[in-house]
Amino acid sequence: MTSAKSANFRRTLALALVVPALAALSACGGNSRPRTELAAAKLNTIGVNAYLWRAALDTVSFAPLLQVDSTGGVIVTDWYANPANPGERVKLTVTILDQDLRADALRVAASRQVNEAGNWIEAPVQAATVQKLEDIILTKARDLRRQALAS
């Protein structure tokens with residue numbers, strides 16, 4: 001190989017090695033990092049919004065838990081009877097539908113039974129009760145988010 005061809009070959013080889021390395025390094029930069037206020041809610045090991053999840057668990061903690069699925073975002077309580085009113089019991093299902101902290105990312109369903117002559121009979125649940133539970137969970141979730149962003 002002549003010295004001109006050898007120099008050309010070395011230059012081509014160097015470019016063939018350097019160009020992919022530079023391309024790989026350039027992929028490391030940029031603005032692909034999540035913003036701090038979004039990162040706290042979205043970067044977690046559960047499949048749903050962490051603030052909604054913690055607020056929902058805290059809100060229904062008065063009742064024994066029957067099923068808890070953080071990946072699917074489902075919390076189901078067992079039947080709970082208030083000691084002040086033992087003739088009535090409730091069961092709750094909280095479903096978190098999204099990773100965003102939004103009102104439509106939360107659904108609460110409640111079942112109510114009353115005891116009549118030793119038998120538990122299905123009874124209606126007031127819509128305001130379910131709405132109130134959703135409001136409590138959303139308020140707690142927003143408070144948790146505010147606390148996390150302040151620290």
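**View 1. Strands S2 and S3 pair in the antiparallel sense over three bridges.** Here strands are DSSP runs of E with at least two residues, helices are runs of H or I with at least four, and both are numbered from the N terminus; two strands count as paired if DSSP finds at least two bridges between them. Look for Ile75, which faces Val94 in S3. This is a predicted model, where local features need pLDDT of at least 70 and side-chain atom pairs count only at pLDDT 80 or more, while totals for chains, interfaces and linings use all residues. Residues are numbered from 1 along each chain as its sequence is written, and side-chain values use heavy atoms, with hydrogens and water left out.

**View 2. The open sheet has five strands in the order S1-S2-S3-S4-S5, with antiparallel pairing.** S1 (65–69) and S5 (119–123) are the edge strands, each with a single partner, so one side of each has no neighbour in the sheet. From one strand to the next, the twist averages 15° (axes are lines fitted to C-alpha atoms, for helices over the stretch in contact, and angles between N-to-C directions run from 0 to 180 degrees). Four bridges join S1 to S2 (residues 74–77), and Leu65 sits opposite Thr77 in S2. Helix H4 (residues 127–150) packs on the sheet, touching S3 (88–96) and S4 (106–116), and its direction makes about 135° with that of S4; contact means heavy atoms within 4.5 Å.

**View 3. The largest nonpolar core holds 19 residues.** Such a core is a set of buried Ala, Val, Leu, Ile, Met, Phe, Trp, Tyr and Cys residues joined through side-chain atoms within 4.5 Å; buried means under 20% relative accessible area, exposed over 50%, and partly exposed in between (1.4 Å probe, protein chains only). Leu52, Val94, Ile96 and Ile137 have the most contacts inside this core. Helix H3 (50–59), S3, S4 and H4 each supply at least two of its residues.

**View 4. Asp58 and Lys140 meet in a salt bridge, 2.9 Å from N to O.** The term means a side-chain nitrogen of Lys or Arg within 4 Å of a carboxyl oxygen of Asp or Glu. Asp58 belongs to H3 and Lys140 to H4, 82 residues apart. Asp58 is partly exposed at 43% relative accessible area, and Lys140 is partly exposed at 28%.

**View 5. The side chains of Arg112 and Glu88 form a salt bridge at 3.0 Å, N to O.** Arg112 lies in S4 and Glu88 in S3, so the pair ties together parts 24 residues apart in sequence.
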